[in-house]
Amino acid sequence: MLNIEKISKNFQGVKAVDNCSIKIEKGKITALIGPNGSGKTTIINLISGVIKPDYGKIIFENNNLSGLSIEKIANLGISRLFQQSRLFDNLSIKDNLLIAVNNNSSLIDNILGLNKIAKEIDAKIKTVYDMMEIKESWDKLVSELSYGQKRLVEIAQTILLPHKLLLLDEPVAGVTSLLRKRIAKILLELKQKGETILFIEHDMSFTLDIADDIIVMDAGKIIARGKPENVIKDKKVLEAYLG
Amino acid sequence: MIDAYFIHLLILICIYVILAISLQLSLGFTGLLNLAHVAFFAIGAYATALLALSGYPFWLCILFAGVLAALFGYVLSIPTNKLKGDYLALATLGFSFVIYAIVLNWISLTNGPMGLPGIPRPTFLGINFSNNNNFFMLSIFVTVIIYFVIYSITKSPLGKVMEAIRDDELAARSLGKNTKKIKSISMATSAFFAGIAGSLFAYYITFIDPTSFSFSNLIPILSIVIIGGLASLPGTVFATIIIILLPEPLRFIGFPSSVIGPARQLIYAMLLLIILYYKPKGFYGKVNLE
């Protein structure tokens with residue numbers, strides 16, 4: 001589904017990503033782990049088009065993503081959750097979710113309030129809102145939400161954007177253990193529906209609970225990859241984490 | 001006499017409401033620090049004046065004023081699309097100065113500093129608007145329609161995407177939104193209504209010259225938007241009434257006109273400072289000024 005081929009990215013002489021190749025298979029949950037500064041978020045930024053690679057290419061379903069804009073990559077079906085909250089603070093939960101749903105109505109339709117699929121869109125948003133078990137009323141401003149509730153809204157937004165691949169940058173960082181369990185359950189349910197997920201996480205128990213494959217990075221390079229039970233025993237991985 | 005004076009103020013309020021709520025669309029809702037609004041106002045006024053003086057009907061003049069201003073708004077949005085904040089403010093301010101220089105110096109078209117006198121008051125559907133009472137009815141009708149069009153846009157999915165761009169453009173792009181296109185639509189729509197306000201202004205005053213479209217004329221419009229509160233349409237209407245009426249008592253104190261002008265600017269500046277200090281979101285705003 002996604003093929004990253006010999007990709008490199010330098011920031012003022014520092015090799016953030018150094019000649020990495022990654023293959024993401026359809027219908028699987030892949031975890032990208034590694035110590036801080038190992039290049040994980042840079043990989044996600046490269047895939048989603050936030051930054052462009054210096055070398056190498058990224059192929060997603062026969063499309064070379066290297067020259068494409070962020071929005072074109074999103075419209076090809078790559079939906080991304082940011083590490084830091086990037087919700088639209090002055091909008092309600094519902095409006096934040098509404099923006100993620102595709103809507104091709106014209107300016108005139110918008111002026112006249114004609115939205116032929118408004119009910120369909122509302123139903124779609126309601127389904128994901130209920131699935132995420134968001135406690136707050138969906139008319140509430142997101143700036144008034146707790147960190148955990150904000151994270152749920154952001155994940156709901158990422159799921160609502162029509163997609164084939166989900167990129168999640170630390171989906172459970174800073175949330176309570178209860179929420180962590182709920183998010184793990186949701187991601188496993190999505191996998192059962194055939195979804196493909198690539199996520200970054202520092203929480204090892206969460207990672208081991210849901211990942212089919214793990215890729216480990218250190219200092220911009222991939223140092224190990226494989227099934228979770230094998231990767232956690234890998235010498236290089238233990239060295240990277242424990243020194 | 002007093003009636004005529006109040007009707008005059010009400011017509012001015014209508015024109016400024018159109019100007020301010022259309023600026024809200026680009027500045028308050030989309031977050032574009034657009035200082036070209038006074039230029040779109042000028043384009044609308046001059047387009048109307050030139051067409052009306054050539055005998056074209058009211059509906060064509062007002063529509064053409066809007067479309068021409070929208071076209072300029074769209075064209076301006078293309079090179080400025082990547083600019084944000086202060087840089088966008090500078091680029092759009094530059095555009096205002098260019099338009100001002102054109103109306104001042106293209107004498108064969110605009111008559112330069114002498115202006116264009118004798119713009120005929122409109123006649124539409126058999127009604128003659130040379131009477132100020134009738135003109136007020138026309139102004140309020142146009143204002144109400146424009147208010148509801150802008151209100152509908154801001155409540156629609158397109159309006160929500162505009163607000164998303166204001167809050168976080170990168171996040172909006174990551175959700176597949178073509179933010180360049182939406183910013184251009186916002187700028188052009190905002191300019192369209194500023195052009196219509198210019199058209200009403202030219203028809204009402206019946207004489208236009210470049211002094212009505214200098215940068216200082218942008219200050220009251222910006223003040224209204226900030227005092228009313230970013231992204232608040234009712235707040236904008238409320239602030240327009242205050243801004244238009246507040247300097248009026250100066251006329252009755254008996255100050256010479258050379259004092260009234262600067263005193264008016266002083267009042268706007270004081271009001272802005274007080275509002276920014278005590279109510280940084282404006283009266284009804286929901287968005288912080290950054």
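I took helices as DSSP runs of H or I with at least four residues, and strands as DSSP runs of E with at least two, numbered from the N terminus.

**Entry 1. Basis of the notes**

I worked from a predicted model, in which local features need pLDDT of at least 70 and side-chain atom pairs count only at pLDDT 80 or more, while totals for chains, interfaces and linings use all residues. Residues are numbered from 1 along each chain as its sequence is written, chains are lettered from A and ligands numbered from 1 in the order in which they are written, and side-chain values use heavy atoms, with hydrogens and water left out.

**Entry 2. Helix α9 of chain B**

I then looked up burial, where buried means under 20% relative accessible area, exposed means over 50%, and partly exposed lies in between (1.4 Å probe, protein chains only). Of the 27 residues of α9(B), 22 are buried, so the helix is largely enclosed by the rest of the structure. Just after α9(B), I noted that Thr206(B) has a positive phi of about 65 degrees.

**Entry 3. The interface of the two chains**

The size of an interface is often given as the accessible area lost when the parts come together. I used buried area in that sense (the accessible area, with a 1.4 Å probe, that two parts lose on being put together, summed over both). Chain B and chain A bury about 2300 Å² between them, and 63% of this is on carbon and sulfur atoms.

How many residues does each chain give to the contact? With contact meaning heavy atoms within 4.5 Å, I found 26 residues from chain B and 25 residues from chain A.

I counted polar contacts next (a pair of N or O atoms within 3.5 Å; within protein, one must be able to donate a hydrogen and the other to accept it, and residues adjacent in sequence count only if both atoms are side-chain atoms). The interface of chain B and chain A holds 7 residue pairs in polar contact, both residues being at pLDDT 80 or more. On the side of chain B that touches chain A, the elements that give two or more residues are α6 (132-155), α7 (157-167), α8 (169-174) and α9 (179-205) of chain B. Of these, α7(B) gives the most, with 8 residues. That side of chain B divides into 12 nonpolar, 6 polar and 8 charged residues, where Ala, Val, Leu, Ile, Met, Phe, Trp, Tyr, Cys and Pro count as nonpolar, Asp, Glu, Lys and Arg as charged, and the others, Gly among them, as polar.

**Entry 4. Salt bridges**

I applied the rule for a salt bridge (a side-chain nitrogen of Lys or Arg within 4 Å of a carboxyl oxygen of Asp or Glu). The whole structure has 23 salt bridges over all chains, and the count between chain B and chain A is 3.

Which residue of chain A forms a salt bridge with Arg173(B)? I found Glu71(A), with the closest N and O atoms 2.7 Å apart.

Asp95(A) forms a salt bridge with Lys160(B), the closest N and O atoms being 3.4 Å apart. Asp95(A) lies in helix α3 of chain A and Lys160(B) in helix α7 of chain B, so this pair joins two chains. Asp95(A) is buried at 14% relative accessibility, and Lys160(B) is buried at 7%. I also noted a network of salt bridges that links Asp95(A), Lys160(B), Glu163(B), Arg166(B) and Asp167(B).

Within chain A, Asp212(A) forms a salt bridge with Lys191(A), the closest N and O atoms being 2.9 Å apart. Asp212(A) lies in the loop between α8 (204-210) and β9 (213-218) and Lys191(A) in helix α7 (residues 177-192), so the pair ties together parts that are 21 residues apart in sequence. Asp212(A) is buried at 17% relative accessibility, whereas Lys191(A) is partly exposed at 27%.

**Entry 5. Two buried residues**

Thr92(B) is in helix α4 (residues 85-105) of chain B. Is Thr92(B) buried or exposed? Thr92(B) is buried, with a relative accessible area of 0%. Leaving aside neighbours within four places in sequence, Thr92(B) has contacts that include Leu33(B), Leu76(B) and Met187(B).

Arg182(A), in helix α7 of chain A, is buried at 15% relative accessibility. A polar atom of the Arg182(A) side chain lies 3.2 Å from the backbone oxygen of Met132(A).
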